[in-house]
Amino acid sequence: MSKPLESITPDLQTWLAAQHVFFVATAPASTDAHINCSPKGLDAFRVLGPRRVAFLDVTGSGAETIAHVRENGRILFMFCAFTGAPRIIRLHGRGTVVLPGTPSWDALYGHFSPHPSARAIIRVDVTRISESCGWGVPLFEFKEPRSSLTRWAETKGAEGLKEYQSRKNRRSIDGLPAIEP
């Protein structure tokens, strides 16, 4: 059984920042639609306060997280220790999608290293924090971050990314609105 935690302490914040990958899960309101779980990397997660976090959402093949958060706000982050002592941390919360050009964008984007394909920041008020053992999670060695997405985005350029998002990221796989052109 998981152990609830009161807040993201400085020690926990340090541990979260040291993880090279985390998972984001969201679900639409409809029980007939698809649940989404996506791995994330690229140093895209930030702790903003004891119960507030954000992650930089970059252009990808879909936009499920954005669509689901826009629809109902529900989101879950899961971090697993792949090195060192076993540990799993889950952060449940309610998210808000912050898009470039909106009043909150510049202040939030300043927390992240710039990325050419940044398309949104998901800011989350954390409603539940829990820790579990992670004994079943295998040990892995981190080699290096992949550079493929950054190279792809730089090749596309700003206009090419807008066109791609217009074609591929307008709606979720279940038809919910995501990125508007």
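Ring pairs join Phe22, Phe45, Phe55, Phe77 and Phe79 into a cluster. Please keep in mind that this is a predicted model, in which local features need pLDDT of at least 70, side-chain atom pairs count only at pLDDT 80 or more, and totals for chains, interfaces and linings use all residues. Residues are numbered from 1 along each chain as its sequence is written, and side-chain values use heavy atoms, with hydrogens and water left out.

The structure holds 10 aromatic pairs. Rings of Phe, Tyr and Trp (its six-membered ring) pair if their centres lie within 6.5 Å; planes under 30 degrees apart count as stacked, over 60 as edge-to-face and the rest as tilted. Here are two of these pairs:

| Pair | Centre to centre | Angle between planes | Type |
|---|---|---|---|
| Phe45 and Phe77 | 5.3 Å | 70 degrees | edge-to-face |
| Phe55 and Phe77 | 5.8 Å | 85 degrees | edge-to-face |

Phe45 belongs to strand E4 (residues 45–49) and Phe77 to strand E6 (residues 74–80), 32 residues apart, and their pair links distant parts of the chain. Phe55 lies in strand E5 (residues 52–58), so its pair with Phe77 in strand E6 ties together parts that are 22 residues apart in sequence. Strands here are DSSP runs (E, at least two residues), numbered from the N terminus.

How buried are they? Phe45 counts as buried at 8% relative accessibility, and Phe77 does at 0%. Phe55 is buried, and so is Phe77. Buried means under 20% relative accessible area (1.4 Å probe, protein chains only).

Finally, a charge meets a ring: the charged end of Arg87 sits over the ring of Trp15, 4.9 Å from its centre. This term requires NZ of Lys or CZ of Arg within 6 Å of the ring centre and within 35 degrees of the ring normal.

Methods: Helix = DSSP H or I, 4+ residues; strand = E, 2+ residues; numbered from the N terminus. Buried < 20%, exposed > 50% of the residue type's maximum accessible area, 1.4 Å probe, protein only.
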